[in-house]
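Reader: I would like to go through this structure term by term. Please set each value against its definition.

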Amino acid sequence: MAIRLGDIAPDFTQESTEGKINLYNYLGDSWGILFSHPKDFTPVCTTELGEVAKLKPEFDKRNVKVIGLSVDATESHQEWVEDINETQNTTINYPIVADSDRKVASLYDMVHPYEDDTATVRSVFVIKPDRTVALTITYPASTGRNFEEILRVIDSLQLTANYSVATPVNWKNGDDVVIAPALQDEDDLKKRFPNGYTAIRPYLRITQQPNLNIESVN
Ligand code: BEZ
């Protein structure tokens, strides 16, 4: 079954590069990102896993726990991690699930048989602290993901989870946002957006990002 936005992220316990891992225990009260890799010792995955290790402080800042997955065994992962560290000039600093029985891949519908009937596609799941799935992305094996874009979406998700705003086209942290159409009460709007807003149309109201002076939106 495909995972849809708003579904509860399926829990699992599986081997990983950091020993047996249970998803819910690992996430605790944090946000999470689970991302899959077709198989070990492949070039695109090697670059992605290295990049995510370098971006770990950015995920930490946003209270997001990172967990990778590939459908090979722990021993293979351990050898591959040495290669990743050496070639990408980094140190892998998050667990990589060893999903050799494809238990997690199957729970999260990560194997798309018309693409490849054994390896996973490049799936991304962002999981909120209430365990619901807030974002899914699916890339083919041959295209590396843009993790700056994933961070940007997490910024948007965390902003919209905390304020009644949405983020317009190409938005990035610090840019103006749009007010949710459901907010109509003028007194309420004044309280929520003390710097005011510009109504270009009744349904298109622009305001300053509400948490601009706050270190973390979460
Ligand atoms: C890679 O990670 O480089 C890759 C994996 C499977 C197919 C193509 C590329």
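Author: In β9, V178 is the bridge partner of A166. Helices (H or I, at least four residues) and strands (E, at least two) are DSSP runs, numbered from the N terminus. The model is predicted, so local features need pLDDT of at least 70 and side-chain atom pairs count only at pLDDT 80 or more, while totals for chains, interfaces and linings use all residues. Residues are numbered from 1 along each chain as its sequence is written, and side-chain values use heavy atoms, with hydrogens and water left out.

Reader: What makes β8 and β9 a pair?

Author: Two strands pair if DSSP finds at least two bridges between them. β8 and β9 have two bridges, in the antiparallel sense, so by the cut-off of at least two they pair.

Reader: Which strands form the open sheet, and in what order?

Author: Four strands form it, in the order β8-β9-β11-β10, with antiparallel pairing. β8 and β10 are called edge strands: each pairs on one side only.

Reader: How many bridges join β10 to β11?

Author: Three bridges join β10 (residues 198-201) to β11 (residues 204-207), and the two run antiparallel. They form a hairpin with two residues between them. R201 has L204 in β11 as its bridge partner.

Reader: What makes a patch of I200, Y203 and L204?

Author: Patches are made of residues with over 30% relative accessible area and no salt bridge; like charges are joined within 9 Å, and nonpolar side chains (Val, Leu, Ile, Met, Phe, Trp, Tyr) within 5 Å. L204, at 31%, is over the 30% limit. I200, Y203 and L204 form a nonpolar patch on the surface, with about 310 Å² of accessible area together. Such areas come from the Shrake-Rupley method with a 1.4 Å probe; for residues, only the protein chains shown count as cover.

Reader: Why is D175 called partly exposed?

Author: D175 has 28% relative accessibility, so D175 counts as partly exposed. D175 is found in the loop between β8 (165-166) and β9 (177-179).

Reader: How do you know that R145 and E48 form a salt bridge?

Author: A salt bridge is a side-chain nitrogen of Lys or Arg within 4 Å of a carboxyl oxygen of Asp or Glu. For R145 and E48 the N to O distance is 2.6 Å, so the pair meets the limit of 4 Å. R145 lies in the loop between β7 (133-139) and α5 (147-162) and E48 in helix α2 (residues 43-61), so the pair ties together parts that are 97 residues apart in sequence. R145 is buried at 8% relative accessibility, and E48 is buried at 3%.

Reader: What makes D7 and R4 a salt bridge?

Author: Their closest N and O atoms are 3.8 Å apart, so they too are within 4 Å. D7 is partly exposed at 23%, whereas R4 is exposed at 52%.

Reader: What separates K61 and E58 in helix α2?

Author: K61 and E58 are three residues apart in α2, so about one helical turn separates them. Their salt bridge has its closest N and O atoms 3.3 Å apart. Salt bridges that share partners join E58, K61, R62 and D155 into one network. The count of salt bridges by this rule is 11.

Reader: How close is helix α3 to its expected span?

Author: The expected span is 1.5 Å times one less than the number of residues. α3 (residues 74-88) has 15 residues and reaches 20 Å from its first C-alpha to its last, close to the 21 Å expected.

Reader: Why are the buried residues of α3 said to line one face?

Author: T74, H77, W80, V81, I84 and Q88 are buried in α3. Seen down the axis, the buried residues fall within an arc of 115°, so they line one face of the helix. The arc is that of the directions from the helix axis to the C-beta atoms. On the other side, E75, E79, E82, E86 and T87 are exposed.

Reader: Why is β4 called largely enclosed?

Author: Six of the seven residues of β4 (residues 64-70) are buried, so the rest of the structure largely encloses this strand. β4 pairs with β3 (residues 31-37) in the parallel sense over seven bridges, and I33 stands opposite V66 in β4.

Definitions and conventions: Buried < 20%, exposed > 50% of the residue type's maximum accessible area, 1.4 Å probe, protein only.
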